[in-house]
Amino acid sequence: MGDDDTVFFTENLVAVLSKYDHKQMYYIGGISESVEQDLTHSYTMGYGGAGFAISYPLVKQLVKVLDGCIDRYSFLWGSDERVGGCLNEIGIPLTKELGFHQVDIHGDPYGLLAAHPVAPLVSLHHLDYLKPIFPTSTNQIDSLKMLVGAYKMDTARTLQQSFYHDWQRDWTVSVSWGYTVQIYPRFVLDSLLRTPFQTFQTWGSWKDEPFTFNTRPMSPDPCEQPLIYFLDDANNGNEVGGNFETVTSYKRFVAEPWNECNEDHFRSALALHTINITASKMDLDMLSKAPQRQCCEITTPFTGASDNIIQIRIKSCSYEEGFSLPRGG
């Protein structure tokens, strides 16, 4: 079940649901991002905008009590809340999946999408109430076409983060595949990289908090902000070891805010206008059954000079890459 303004990423939805035994009673979905919404409605129901799924055996039980249940919960706001009340009477809790997104926010969804959880992207809701996903687009339809174009290349990897600390360039890199790349001309902890920037407000009151996840502020000082690049193109690459690769290209949208930053490692980053990323296509089981964030590395040799274009490869993390500190640091 989903709303008429919900975008479902079908292959990922199927992969997530396939984890569960269809012969058992399951109620699967996600809650609101805005705490005020969860307080008003429920922390324990699957929100209809994010979409929810009910297994066949549970539906058989639900239809037996549905008419009376609808009467008992007629005071509730919508069908999702009423169904949640009915399933609570049956005694089946909500199984939460992180890829279902109610998107109960206003403003720019950038921070949320650039730090997606390690889970397949299943749904996006309320996009008509937000700024376009890509600032290079004038509307959400064009933005969605761009995101879906990348999604079709590698369904599992869409919006998945990977990190890299380049100690020679003094950069930290965060990739949200198929969407954006952030270059920090300094060392940034992984725990911060996976925390969404506060680029949006709550759904009902349009306030800066609270949400059901941590956020971090975007500094007003451009020299403290990352350089941000957005997806420009996505293509299939070569076959390597029986698995096909993808090649995506990202370009910086604006340069002006950072022009006054004079540190050497910042000036070298400012020269960078294009990032090309190569990645093997991801198996959905890597996320739906055994989730683990991947790493990446800059494969363009370090020469000490400023590069206009760099190449990045996404790969599995080695043991040492599980630690953020440089060797000897």
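Predicted model: local features only at pLDDT ≥ 70, side-chain atom pairs only at ≥ 80, totals over all residues.

Strand S7 (residues 161-166) and S14 run parallel and are joined by two bridges, and within this pairing Ser 162 has Gln 294 of S14 as its bridge partner. Because four of the five residues of strand S14 (residues 294-298) are buried, that strand is largely enclosed by the rest of the structure.

**Strands around S14 and S7**

- S14 also pairs with strand S15 (residues 309-315), in the antiparallel sense and over four bridges, and in this pairing Ile 298 stands opposite Ile 312 of S15.
- S7 is joined to S8 by six bridges, with the two strands running antiparallel, and His 165 is the residue that stands opposite Thr 172 in S8.
- The hairpin formed by S7 and S8 has four residues between the strands, and in it Asp 170 takes a positive phi near 65°.

- Strand S8 (residues 171-176) is mostly covered, with six of its six residues buried.
- In a regular strand, side chains alternate between the two faces of the sheet.
- In S8, Trp 171, Val 173 and Val 175 point one way while Thr 172, Ser 174 and Ser 176 point the other way, and all of them are buried.
- S8 is joined to strand S9 (residues 180-184) by five bridges in an antiparallel arrangement, in which Val 173 has Ile 183 of S9 as its bridge partner.
- Three residues lie between the strands in the hairpin of S8 and S9, where Gly 178 takes a positive phi near 80°.

**A three-stranded open sheet**

- Another point of strand pairing is an open sheet of three strands, which has the order S3-S2-S4 and mixed pairing.
- Strand S3 (53-54) and strand S4 (95-96) stand at its edges with a single partner strand each, so one side of each is left without a neighbour in the sheet.
- Strand S2 (residues 27-29) and S4 run parallel and are joined by two bridges, with Thr 95 in S4 as the bridge partner of Ile 28.

**Nonpolar cores**

- The largest nonpolar core has 50 residues, and those with the most contacts inside it are Tyr 179, Val 181, Ile 183, Ile 275 and Ile 277.
- Strand S11 (residues 227-240) contributes the largest share of this core, namely six residues.
- When residues up to four places away in sequence are not counted, Ile 275 touches Val 181, Ile 183, Tyr 229, Thr 248, Ser 249, Tyr 250, Ile 310 and Ile 312.

**Pocket and cavities**

- The largest pocket holds about 580 Å³ of space, and of the 23 residues that line it, the closest to its centre are Leu 98, His 101, Pro 117, Thr 212 and Phe 213.
- By class, the lining of the largest pocket divides into nine nonpolar, nine polar and five charged residues.
- Among the residues lining the largest cavity are Ser 162 and Gln 294, together with Arg 157, Trp 177, Met 282 and Ile 314, and its lining divides into four nonpolar, five polar and two charged residues.
- About 40 Å³ of space lies in the second largest cavity, whose lining residues include Gln 161, Ser 174, Gln 182, Phe 197 and Arg 216.
- The lining of the second largest cavity has four nonpolar, five polar and one charged residues.

**Backbone geometry in loops**

- The peptide bond from Glu 209 to Pro 210 is cis, with omega near 0°, and Pro 210 is placed in the loop between strand S10 (200-202) and S11.
- Val 103, although not a glycine, has a positive phi of about 55°, and this residue lies in the loop between S4 and strand S5 (105-107).
- With buried taken as under 20% relative accessible area, Val 103 counts as buried because its relative accessibility is 2%.
- His 126 is a residue other than glycine with a positive phi, near 65°, and its place is in the loop between strand S6 (123-124) and helix H6 (140-153).
- At 8% relative accessibility, His 126 therefore also counts as buried.

Definitions and conventions: Residues numbered from 1 in each chain as written. Heavy atoms only, no water. Core = buried A, V, L, I, M, F, W, Y, C linked by side-chain atoms within 4.5 Å. Buried < 20%, exposed > 50% of the residue type's maximum accessible area, 1.4 Å probe, protein only. Contact = heavy atoms within 4.5 Å. Pairing = 2+ DSSP bridges. 1 Å grid on protein atoms, 1.4 Å probe; cavity = no way out; pocket = protein on both sides within 12 Å on 5 of 7 lines; lining within 4 Å. Points joined across faces, edges and corners; volume = space filled by probe spheres on them. Nonpolar A, V, L, I, M, F, W, Y, C, P; charged D, E, K, R; others polar.
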